[in-house]
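Me: I would like to learn how to read the places where chains touch. Could you take me through an example?

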Amino acid sequence: MVILFGMPLVQVLLFGFAITNEIRDAKVSIVDPTPDVVTHAIRNKLFASGFFIESEILNSQEEISENFRKGESKMVVIFENDFSGKMERGEHPTIQLIADASDPNTASMLVNYSNGIISEFNRGQQASSGFTLIIAEPRMIYNPALKGVYMFVPGIITILLMLVSAMMTSISIAREKELGTMEVLLVSPLKPFNIIAGKVIPYVLLSFINAISILLLSYYVFGVPVKGSIILLLAESILFIILALSLGIFISTIANNQQTAMMLSMFAMMLPTILLSGFIFPIENMPEVLQWLSLAMPPRWFIQIIKSIMLKGSGINYFWKETLILAFIAMVFIVASIRKFKIRLA
Amino acid sequence: MSSNGLVIEAENMVKRFGRFIANDNLTFSVSKGEIFGFLGANGAGKTTAIRILCGLSRPTSGKIRVAGYDVYTETEKIKRRIGYMSQRFSLYEDLTVIENFRFFGGIYGLKRPVIMERSHEMLTRLGIIHFENTVISELPLGIRQKLAFSVSILHTPELVFLDEPTGGVDPITRRQFWEMIHEAAASGITVFVTTHYMDEAEYCNRVSIMVDGKIEALDTPERLKTKYQAQNMNEVFLKLARKTN
Amino acid sequence: MRTIFYIMQKEFIQVFRNRMMLPIIFLMPVIQLLILSFAVTYEIKQIRLYITDIDNSVASRSLLQHFRSSPFYQIEGESKNAAEGMENIRKGTVHQMICILPGFEKNLAKGVPAKVQIINDAINGSAAALMNAYTVSIIGNYNQGIIAEAVPEAQPVVKINWLYWFNPELDYKTYMIPGILVLLVTIIGMFLAGMNVVREKEIGTIEQINVTPIKKYQFIAGKLIPFWIIALFDLAAGLLMARFFFSIPILGNIFLIFLVASVYLIVVMGIGLFISTVTNTQQQSMFLAWFFLVVFILMSGLFTPVESMPQWARNINVINPIAYFIRMIRMIMLKGSGFQDIVKHLIYLALYGITILSLAVWRYRKTT
């Protein structure tokens with residue numbers, strides 16, 4: 001019981017704080033054969049940005065390779081010899097950036113950031129030349145601070161609802177089957193519907209409480225807003241919980257023991273939920289086949305709905321389609337499990 | 001093996017689980033070659049006692065020696081000299097008969113040819129040599145129980161513990177099972193068997209009857225029947241059970 | 001030694017006889033590697049753009065032409081009404097809107113800074129930052145073009161050039177596949193080894209083993225070695241696939257990879273085993289294992305850079321075996337790091353393995 005309530009909360013806290021794609025404090029080494037005022041000015045500008053921290057001063061280009069292989073820095077900034085001298089003579093000295101692109105994502109971000117900082121330095125130098133140019137004015141809407149939490153909270157809610165609802169139901173029903181207690185219930189005068197409902201309702205409550213506590217946590221601890229209607233959000237959550245439960249029941253009608261139910265839940269649900277739902281990785285970047293596959297993943301639709309309600313403050317008219325899809329998938333699973341169930345009884 | 005010919009010596013054996021006393025001051029001994037019946041209703045504390053004697057569970061107090069070794073400090077030496085057939089069926093259901101023999105023989109350190117020879121001999125005697133390569137889960141319960149017993153004496157222990165070996169088995173198989181027990185005893189293996197079928201007590205040399213964690217009676221079946229003026233062991237048991245309630 | 005062999009033999013028979021388990025062990029990794037390596041990408045292939053050009057002048061059209069001709073941008077819609085663009089962002093049909101306000105051309109001619117608004121859907125913060133950077137850099141290039149036209153000799157004061165080492169194409173798969181291999185090996189190791197012991201507890205066969213004179217270390221070794229071999233086999237299959245199907249270079253020594261993997265597996269299996277000694281049912285151990293696995297994976301730097309985590313989270317990673325292995329396998333495969341480069345991590349991992357295994361052996365009780 002403690003696990004069921006505690007685990008989701010610990011995970012939300014841990015991930016909310018720890019997981020981010022932003023670059024901060026990336027280790028950068030410097031090769032600066034002739035340090036002078038200008039190179040120091042540029043270095044200071046780089047390290048003042050907060051993206052980088054200085055790792056080592058290397059003496060020669062040869063040391064770079066070893067430095068990378070040991071993983072001591074992510075990028076090396078190389079200043080040309082006699083930097084300020086060349087600048088005074090109008091010779092345009094070069095700064096070379098070498099990024100460890102074994103992590104391509106970080107590497108390209110690091111290069112982009114330093115590029116921007118050095119360009120700014122250039123612009124400062126050129127300002128005197130008196131050009132007026134086009135100025136880009138970016139605006140980040142829905143998430144002005146570009147917080148990673150905004151991305152992760154909807155995903156984590158989805159995963160946990162899926163885990164608790166679907167996995168728990170499938171395992172607990174499979175357990176009753178394995179121990180033979182299911183037969184006892186089936187010969188009793190209770191209707192199969194009541195039996196299933198009785199098994200499932202505790203998990204509905206449990207999942208619902210979990211969902212609410214995650215929402216509270218993300219609102220008060222991480223400042224993730226709920227811009228839209230809370231009632232709508234809860235209603236959609238209930239729809240998703242029902243879907244997850246019906247999936248769980250369906251799995252339990254196929255699996256004949258706990259281990260099978262677990263493995264099925266594990267591989268059939270967890271992976272797609274994490275990877276094909278747009279939780280971490282944007283779906284539109286995937287190959288076409290996987291994009292098609294993701295259409296069948298309920299979490300994908302649910303994550304879209306949560307994001308619309310929480311972060312964009314949209315109403316039902318923006319995601320009635322997604323809602324219908326979820327309802328439809330839930331119906332399919334319910335019908336399929338009732339079928340299976342009847343066959344078994346006959 | 002101790003010098004006095006006693007395979008099990010238990011003096012004031014106590015096992016508590018919190019405030020519940022599962023074994024209350026049990027004192028008894030079993031001599032070599034004996035078939036010792038350990039009788040009692042479900043929940044009387046039989047399995048607890050057997051688990052202590054096998055070294056699976058540590059007693060709360062009491063002086064207990066099995067095969068001449070102390071159950072507190074020499075459990076591993078005891079384990080080399082005993083066999084155990086647990087109440088829950090404990091062969092691997094997804095392995096074949098011969099694979100089970102090979103595995104358990106192997107972990108007792110028997111050499112491969114020895115395992116093969118003994119298991120063939122046992123299977124032939126049981127008349128089920130044709131099931132050699134059948135997966136256990138496909139065999140009926142009676143045969144499985146006989147196999148579990150065979151596995152527990154595969155390494156020719158001095159002493160074998162059988163916990164409810166005949167539970168859920170039909171009367172004919174039960175009779176055959178007891179024949180197996182007698183054969184084992186004749187070959188010099190001491191048998192310590194628990195059961196709640198009182199008619200089976202007649203097959204034992206001596207029986208002890210446990211009620212609510214205590215040994216209420218301990219003697220040969222004949223003498224117990226005379227003492228309690230009963231036709232059979234079932235009556236003896238009922239009289240004892242009523243007495244305590 | 002013979003005893004260990006008998007246990008191993010039994011485990012292998014059981015694994016190969018289980019119809020459910022066999023595909024999970026041997027087919028799942030392949031499928032996962034295929035799906036995961038294609039699914040897992042941050043690369044932005046296309047930006048869905050909405051254009052609101054209220055100025056609609058020669059200058060604005062000339063700037064926008066740069067976006068129209070770029071393969072990076074897919075123009076999803078165009079109007080003079082910014083609200084319509086916002087609506088598209090809200091619906092999720094576009095990522096970004098470029099809005100050129102009236103007076104753009106006039107300002108440019110007058111020498112007043114001409115503003116271009118870029119509105120990003122920032123729910124996925126890192127993707128938004130990248131998309132924004134692309135767009136800003138296109139505008140920057142356009143600016144450079146204007147300068148070059150006006151003053152041909154003008155050049156930036158400091159020139160910048162950059163190189164991407166180890167992965168010049170910035171292929172994300174190259175980065176992810178070693179990590180995914182780690183994941184597969186981990187799941188096999190932790191779950192199979194962990195669930196296995198608790199399963200014997202649940203069905204009761206462990207009693208039968210506990211009454212035998214078998215030594216604790218023999219039992220544990222016999223349980224671990226088969227899954228250790230299976231996991232290494234899976235790793236080999238995965239490496240072959242990475243090399244020949246995905247053409248991922250393996251710069252370092254392949255034996256070093258296996259050495260690291262062998263040590264690493266001891267750690268994860270030790271954890272799995274430890275979990276199974278403290279739990280009584282498969283359900284319990286499954287949840288515990290799942291909890292640790294998810295925490296370890298998400299914090300390991302597999303998907304997100306470890307460097308950006310706060311210090312306390314990095315401290316937690318000291319006990320995260322996955323983080324060690326991922327770092328090492330990436331170093332060896334992609335950068336060709338040698339034994340000396342990773343020896344520090346490897347020793348640490350080995351100590352970790354010894355500790356957790358001793359803990360598991362100590363916690364496993366033959367007598368309760």
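Reply: Let us go through the chain contacts here one step at a time. This is a predicted model, where local features need pLDDT of at least 70, side-chain atom pairs count only at pLDDT 80 or more, and totals for chains, interfaces and linings use all residues. Residues are numbered from 1 along each chain as its sequence is written, while chains are lettered from A and ligands numbered from 1 in the order in which they are written.

Me: Which chains share the most contacts?

Reply: Two residues are in contact if their C-beta atoms, placed from the backbone, lie within 7 Å. Of the 2 pairs of chains in contact, A and C share the most contacts. Chains A and B have no contact, and their closest C-alpha atoms are 14 Å apart.

Me: How many residues of chain A are in contact with chain C?

Reply: Chain A brings 88 residues, and they meet 90 residues of chain C. Helices (H or I, at least four residues) and strands (E, at least two) are DSSP runs, numbered from the N terminus. H5(A) gives the most to chain A's side, with 13 residues.
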